[in-house]
Amino acid sequence: MIELRQLRKRFDHADHDAVGPLDLRVPPGELLALVGTSGSGKSTTLHMINRLVEPSAGSVLIDGIDISGQDPVALRRGIGFVFQAIGLFAHMSVADNIAITPRLLRWPRDEVAARVDGLLELVHLDPAIYRARMPHQLSGGQRQRAAFARALAARPRIMLMDEPFGALDPLTRDELSAEFRTIHEKLGLTSIIVTHDMTEAFLLADRIAVMRAGRLVQIGTARALLADPADEFVRQMVRMPRLRAARLARAMGEPG
Amino acid sequence: MSLDPRLVMSSVIFGLSIGGIYFLLAIGLSLCFGLMRIISLDQLLYYSIGAFVTYSVGVATGQFWLGVAAGAAAGGLASLAVERLIFRRIYARDPTFSMITSFGLLFGGIGIIKFVWGVVPRPVEVPTLAQFDVLGTQIPVYRLIIVGIAVVVYALIWAFLHRTIVGKAIRAAIENVEHVEGLGINVGRLFTLTFVIAGALSGLAGGVYAPLILVDPMMGLEMLAFVFMVVIIGGLGSIKGTAISALIIGQVVSLGSLIYAPAAQMAPFVIMLAILLIRPTGLFGVALTRR
Amino acid sequence: MRFGPVVAVDRVDYQLRRHEVAGILGSNGAGKTTFFNVLTGYYTPTEGRIFYQGRDITRLSPPQRVALGIARTFQLTSTFDNLSVLDNLVLAFFRSHCRPTTLGLLFKRCAAYRDHEAIIAALHQFDLHPIAARLACHLSLGEKRRMEIAMAVLADPELLLLDEPLAGLAESEIRGVLEVLRRQVGKQTILIVEHKISHVRDFLERLIVMHEGRIIAEGGYEECLNDPQVRKSYWQIDESSDNAG
Amino acid sequence: MTAAKSLASRALSWWWGIAATLLATSLCAVLLPTPFMNEVMIFAIYVSGCNFLIGRLGFISFGQPAYLAIGAYCTAFYLFYVGTNPLVGLGVGVLGGLLGAIIIGPFFVRLRSDYFAMVNLALAVVLFYVTQKLLVSITGGDNGLWFLTQMQSTPLLDLTAPAQFLWFAIIVATAVTVMFKYLDGTIFGACCLASRLNEDKLQFIGYDNFKIRLVAFIIANTVTALAGAMYAIYFGFVSPEMGSPSRAAEPVIVTLLGGVGTLAGPLIGAFAYTGMKDVISNLIGNWELFIGFLLVFIMLVADQGIWGTLPPAARALLVHLRRAAGRARN
């Protein structure tokens with residue numbers, strides 16, 4: 001479970017808070033989408049959960065324990081993080097990329113190898129083919145799959161993802177997000193995904209938290225947001241999925 | 001002017017050895033920049049410390065190589081202290097920021113050295129005066145030992161970065177430190193390790209070079225421009241580039257002083273300008289993105 | 001204009017008509033941004049030539065191309081963060097209208113241009129007047145995009161290149177930017193790279209679809225999107241198995 | 001308030017600032033020892049070039065002693081070998097600095113800022129060797145060139161008399177400050193700031209980044225050479241020590257001490273630094289120790305400089321006073 005309490009962040013030389021005060025609870029097993037326009041503080045919020053950014057005030061609790069007292073390195077090991085720019089290390093093979101944390105933690109070699117293969121299978125990359133590939137030999141979608149595998153390497157219970165599908169074309173994007181949903185359920189993860197695409201959030205997440213100017217505007221299921229948007233901003237945000245859904249419904253209604 | 005081939009031969013060896021020293025010093029500077037984005041001028045302080053410790057231990061025990069080992073260790077220790085106390089606080093800032101800080105450290109360090117050892121230059125005895133004969137030229141064995149040490153260090157550094165997982169992690173962090181951090185890898189430890197390695201190599205360079213020069217507090221400053229030129233010509237962050245350019249500058253300095261002694265100081269600078277004109281980031285320097 | 005083959009952009013031959021608005025569509029790595037970068041002089045093409053108004057501009061530097069009337073915006077917004085919105089515009093305006101030498105810049109004061117009517121007009125046209133005095137680093141992404149477009153337009157270009165002007169914007173911000181873009185239609189030749197191509201379909205006269213560095217289709221909007229090759233490579237829809245309609 | 005009026009009042013407000021500083025400086029000139037004030041004023045000119053490079057262009061140079069030496073030696077060559085008029089010597093020094101910057105600039109300004117810093121330091125070291133070892137027949141090597149007694153006195157302000165030299169230095173320093181203030185307001189000034197922040201964009205709105213940096217570099221280092229020429233005239237003596245790389249950090253330290261990019265920074269920094277140096281060197285001889293750790297301290301604790309770390313209240317007061325002055329005039 002992830003819990004944010006009165007979390008705030010103000011960057012140096014800024015005249016207002018980038019985030020907060022923010023209160024948020026993500027129960028175990030939930031996949032939460034953090035949606036907002038650029039600059040709404042959603043990435044910063046995500047980075048505060050694994051202490052890549054230190055909050056100015058307030059606290060983050062994971063399974064009821066305040067993370068500010070924890071060793072950031074140990075904390076991050078328990079949290080998978082997928083970056084916006086995919087960020088596989090270019091000079092390392094896919095296997096090395098995935099294995100880097102387990103090997104630095106001195107897991108036995110055969111265990112690491114088995115882990116790599118298992119993860120590659122999980123993300124639908126054939127280990128025999130992809131283990132030795134270098135990142136530049138992969139397509140965008142395959143790279144993102146490898147990045148998922150890498151984030152999962154140290155057996156995290158929590159996954160944080162910052163616009164993971166942002167750089168992909170629409171088709172790959174849909175395919176991957178559906179697969180991530182499956183992985184999320186299979187491994188019983190608690191996940192937060194940051195996106196600016198409301199449609200993606202609707203398709204993927206259990207609940208959606210809408211952020212604006214560092215604050216939480218509304219949080220709820222897709223249905224709740226559609227039925228009862230808290231304000232004009234949320235109404236605007238859900239307009240696109242609504243239009244798309246309507247268009248799709250019309251298309252489905254017609255004989256194929 | 002006709003050049004005596006024997007003079008040329010010994011000059012080439014001289015160039016190789018001085019290139020070796022440049023390499024030992026520049027490699028630390030280059031690695032620190034690649035990984036932490038700091039310009040660590042204080043490496044030249046560890047170089048001086050290495051030389052002075054070599055002198056002191058050598059005088060106390062009569063064991064030169066023990067002195068060199070102690071010098072390298074002292075360089076490593078000093079850099080460890082500096083990293084923990086000072087650099088840790090400024091990694092997030094602009095590279096030029098670290099340059100100013102490290103310049104301050106270099107200067108403060110020189111002050112400390114003056115305080116401890118005084119300003120009188122100290123001689124260190126060459127451990128072996130043996131010479132050996134190559135095509136009629138007498139080559140001091142000690143010069144060859146220096147070249148050997150540089151080659152071994154290059155091989156070790158290469159193997160460390162390409163064959164061990166910690167080295168691979170360092171290279172990964174050179175690529176993108178935030179991603180490595182996000183994976184739950186202790187980046188701070190990688191930084192410390194790299195910095196200490198750099199400091200120890202600088203100390204080693206000072207110790208090894210000490211018998212060939214007079215050890216005095218300003219020796220680091222005298223070396224500074226050459227190390228800079230090596231790093232710049234090779235390209236910051238590139239090990240291969242640093243090695244190659246150390247080789248070039250070594251030869252330029254030694255062969256240059258054979259032809260016209262005063263110009264030997266100028267020649268590397270002119271070469272650096274020429275190379276920068278063609279490649280503003282040096283021979284192997286990558287266009288590093290800011291972060 | 002003609003473009004020759006480059007590494008990422010392979011054998012592109014294309015001519016744009018005057019005052020036409022064209023969109024470029026393509027999946028990631030299709031070479032759209034590279035294409036832009038070659039056009040504006042960020043990269044020089046490995047082979048081939050670029051002609052602009054009958055003149056070979058292949059070897060010209062970016063500033064020289066700007067002087068000829070080619071302006072661009074960036075995918076990731078690119079502003080002078082420590083200058084005010086107004087001064088950002090002044091810089092863009094001054095270069096193209098006063099054509100000074102570098103030394104000439106020493107003798108012109110910013111303040112003399114801050115209330116120039118063209119700049120005031122641009123502030124209003126792009127809805128930037130309420131934030132004219134604000135430093136660019138304090139703008140939201142949507143405001144920055146509008147300012148960037150304003151800067152490009154103030155350079156009074158013949159050819160305006162917009163690199164993903166809508167990327168990263170929320171629906172509400174998109175409308176503001178679109179509004180601004182619409183006002184430019186017909187005034188100059190505009191080339192837009194955009195993922196969300198449907199947003200700009202209203203004012204597109206032509207669509208160019210790129211795939212792996214080549215143009216695989218061009219023509220009207222519908223015509224292009226229904227092109228079998230486009231459907232296959234971009235939407236990855238294979239006609240033979242596509243029966244959903 | 002009309003635009004013209006607001007412009008005038010803005011212009012007035014910084015004119016007032018300069019006038020006030022001038023007054024304060026003059027007061028100091030009367031109260032404090034002349035040699036000290038002379039050094040402070042020349043130092044302030046020296047630092048203002050560096051301040052412009054760092055504050056406007058974002059380029060830190062550890063090679064300022066090189067440009068200082070160019071100016072100093074050009075003046076010295078004139079006064080030692082050719083003529084006797086210090087004013088002409090000053091002109092020769094500035095011209096030499098200008099030429100030097102024009103020759104060196106194109107190589108350097110293409111570089112990334114970190115390379116720039118290093119290359120400049122290398123230049124300083126090389127030039128030090130040149131003056132000390134290579135051109136001994138002309139520069140006199142470590143002995144330097146003495147020409148104090150060869151200089152003829154000049155009308156109005158006699159530059160050979162330290163007390164009158166001080167007034168000359170104050171005038172020059174004021175002129176330099178006014179020039180930099182003027183540059184800030186020009187399109188060129190905005191371009192410099194812009195190129196520091198976003199060089200690509202500057203290219204794509206049509207400015208030639210290289211030329212802008214080159215001009216800025218030339219301006220900054222001609223000013224540095226001017227300071228060198230003034231040192232030469234004031235001391236009547238030059239030696240390689242003046243361009244010693246061991247003093248490479250001084251202008252950077254003082255810029256930071258005074259507050260980067262602020263107009264009054266160089267003067268305040270020069271005051272503070274020269275004062276501290278005088279006091280410290282009387283207490284302990286080991287000035288490297290002091291300089292070094294001062295620098296580290298500034299970097300870790302007060303990188304905004306004296307001006308930047310002044311309590312915000314004091315600055316707010318200043319702004320308030322200026323506004324009141326502005327209102328009073330309208």
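I take contact to mean heavy atoms within 4.5 Å. Axes are lines fitted to C-alpha atoms, for helices over the stretch in contact, and angles run from 0 to 180 degrees between N-to-C directions. Helices (H or I, at least four residues) and strands (E, at least two) are DSSP runs, numbered from the N terminus.

**Ground rules**

I am working on a predicted model, in which local features need pLDDT of at least 70 and side-chain atom pairs count only at pLDDT 80 or more, while totals for chains, interfaces and linings use all residues. Residues are numbered from 1 along each chain as its sequence is written, chains are lettered from A and ligands numbered from 1 in the order in which they are written, and side-chain values use heavy atoms, with hydrogens and water left out.

**Entry 1: the four-stranded sheet of chain A**

I began with the open sheet that runs β2-β1-β4-β5 in chain A, 4 strands with antiparallel pairing. For pairing, I need at least two DSSP bridges between two strands. β2 and β5 (65–66) of chain A each have a single partner strand and stand at the edges, so one side of each has no neighbour in the sheet.

I then went through the partners of β1. Strand β1 (residues 2–9) of chain A is joined to strand β4 (residues 57–62) of chain A by 5 bridges, antiparallel, and A:Arg5 has A:Ser59 as its bridge partner in β4(A). Towards strand β2 (residues 19–26) of chain A, β1(A) also runs antiparallel, with 5 bridges. There I found A:Leu4 opposite A:Leu24, and A:Leu7 bridged to A:Leu22.

What lies across this sheet? I looked up α1(A), which lies across β1, β2 and β4 of chain A and runs at about 120° to β1(A).

**Entry 2: a salt bridge from that helix**

I searched the whole structure for salt bridges (a side-chain nitrogen of Lys or Arg within 4 Å of a carboxyl oxygen of Asp or Glu). A:Lys42 sits in helix α1 (residues 42–49) of chain A and A:Glu163 in the loop between β7 and α7 (170–186) of chain A, so the pair ties together parts that are 121 residues apart in sequence.

**Entry 3: the six-stranded sheet of chain A**

Next I took the open sheet of 6 strands in chain A, order β6-β7-β8-β3-β9-β10, with mixed pairing. Its edges are β6 (79–82) and β10 (215–220) of chain A, each with a single partner strand, so one side of each is left without a neighbour in the sheet. On average, neighbouring strands here are turned by 15° against each other, direction ignored.

At one end, strand β9 (residues 207–212) of chain A pairs with β10(A) in the antiparallel sense over 5 bridges. Within that pairing, A:Arg212 has A:Arg215 as its bridge partner. I also noted helix α6 (residues 140–151) of chain A packing on the sheet, where it touches β6 and β7 (158–162) of chain A, its direction making about 160° with that of β6(A).

**Entry 4: chain C against chain D**

How much area do chain C and chain D bury between them? I got about 2800 Å², 70% of it on carbon and sulfur atoms; buried area is the accessible area (1.4 Å probe) that two parts lose on being put together, summed over both. C:Phe80, C:Leu106 and C:Arg109 lose the most area on the chain C side, together 22% of what that side buries. The contact takes 32 residues from chain C and 28 residues from chain D.

I counted 1 salt bridge between these chains. D:Lys201 and C:Glu148 meet through their side chains at 3.0 Å, N to O.

**Entry 5: chain D against chain B**

Here the buried area is about 3800 Å², and carbon and sulfur atoms give 80% of it. D:Tyr115, D:Met118 and D:Glu288 supply 17% of the area that chain D buries, more than any other three residues. Chain D brings 38 residues to the contact and chain B 49 residues.

How many salt bridges cross this interface? I found 0 between chain D and chain B. On the chain D side, α5(D) gives the most, with 14 residues.
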